[in-house]
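Please open the model in your viewer and keep the sequence panel beside it.

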Amino acid sequence: MTQTSARAERDLVPPRATQEGLRRFVERFAEDHPPLSLAAADLTINDPGAVRRRYGPVFNYLTRVEFEVERNVLELRALMPDATEVDRFFYQEVWSPQELQHGVLLDAVQQGFGLAPEPAELNKVSARIKLVGVLSHLPGMLGVIRLLYYLTGAATERSAVVAYSRLVDGLRVMGERAVAETVIAPIKRQEPGHFAFYRLSAQALVADERLRDWQLQLARILRRRSFGLVGVNNRNQRADFGDVARALGLDRELLEVARQVSLVERELLWAQQQGMDVPGYILAALRDAIESSVAREAGLRL
């Protein structure tokens with residue numbers, strides 16, 4: 001994370017991560033960061049061909065992921081039918097409108113350099129998620145599910161901060177300052193607030209609501225078995241993620257990226273394991289995506 005992003009994240013942190021503090025945080029964040037306006041963006045692209053060649057897969061992937069927030073809201077309703085009022089307010093009234101507008105802006109940019117949008121899955125909720133929602137009614141399970149939701153959100157938003165930081169820097173180097181300053185930079189400025197919400201919510205859940213040892217242990221087991229990279233639901237999308245990582249140069253700093261993505265779960269799930277830089281399942285997922293991208297590219301060249 002850049003120094004500016006880190007400072008913005010600290011400025012957003014409420015003095016105490018209680019439910020009331022979190023509510024005030026979300027309200028203030030929503031007031032300070034309304035959904036971005038397409039009309040305010042400058043979509044001028046000096047060299048469409050160069051941007052498409054270098055960052056086409058990045059825009060295509062990020063656009064799809066942002067638009068799939070519409071499906072994510074349906075999944076959250078099924079996953080946590082008894083979600084807290086603060087969680088529901090955040091994901092329905094703040095996070096979702098912001099992220100959907102990110103998709104609108106990114107799609108406008110990629111159409112400007114001649115790239116058609118990738119189809120997004122918007123309304124299918126898996127049977128597994130529906131089953132977990134049913135299990136949430138069992139004693140103690142809602143706390144486990146909420147913690148996994150916060151960990152997934154934190155990892156996703158930290159990934160977004162890293163990706164948008166690299167993308168805006170790369171576009172500036174290319175001289176594409178209009179898109180960099182009026183599309184990508186504003187999107188990047190909203191992501192740390194999302195990360196802060198998930199981090200604070202997870203900390204409050206573990207500390208103030210006092211999850212039991214068995215709940216934390218179950219969360220460790222489920223997180224290790226269910227972790228997935230953002231936007232990856234099949235083999236082809238895994239290679240697509242690898243394409244994005246390579247285009248942004250993340251493959252050259254994979255361990256540091258894994259540290260960033262795993263920050264909250266290292267704090268809350270794995271702090272007792274001294275010397276554990278990153279959870280192995282996160283580093284393995286990143287490496288697998290890179291290898292899938294390289295293998296697919298080699299196959300296409302044959």
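Which residues form a nonpolar patch on the surface? Select Leu131, Val134, Leu135 and Leu138, which form that patch and together have about 350 Å² of accessible area. Patches here are made of residues with over 30% relative accessible area and no salt bridge, with like charges joined within 9 Å and nonpolar side chains (Val, Leu, Ile, Met, Phe, Trp, Tyr) within 5 Å; accessible areas come from the Shrake-Rupley method with a 1.4 Å probe, and for residues only the protein chains shown count as cover.

Before moving on, note that this is a predicted model, in which local features need pLDDT of at least 70 and side-chain atom pairs count only at pLDDT 80 or more, whereas totals for chains, interfaces and linings use all residues. Residues are numbered from 1 along each chain as its sequence is written, and side-chain values use heavy atoms, with hydrogens and water left out.

Next, select helix H2, residues 19–32; helices (H or I, at least four residues) are DSSP runs, numbered from the N terminus. The buried residues of H2 are Gly21, Leu22, Phe25, Val26 and Phe29, where buried means under 20% relative accessible area, exposed over 50%, and partly exposed in between (1.4 Å probe, protein chains only). They lie on the same side of H2, because they cover an arc of only 135° around the axis, the arc being that of the directions from the helix axis to the C-beta atoms.

A salt bridge is a side-chain nitrogen of Lys or Arg within 4 Å of a carboxyl oxygen of Asp or Glu, and the structure holds 18 of them.

Leaving aside neighbours within four places in sequence, Glu265 is in contact (heavy atoms within 4.5 Å) with Leu151, Ala155, Arg223, Trp270, Tyr281 and Ile282.

Technical notes
Helices (H or I, at least four residues) and strands (E, at least two) are DSSP runs, numbered from the N terminus. The expected span of a helix is 1.5 Å times one less than its number of residues.
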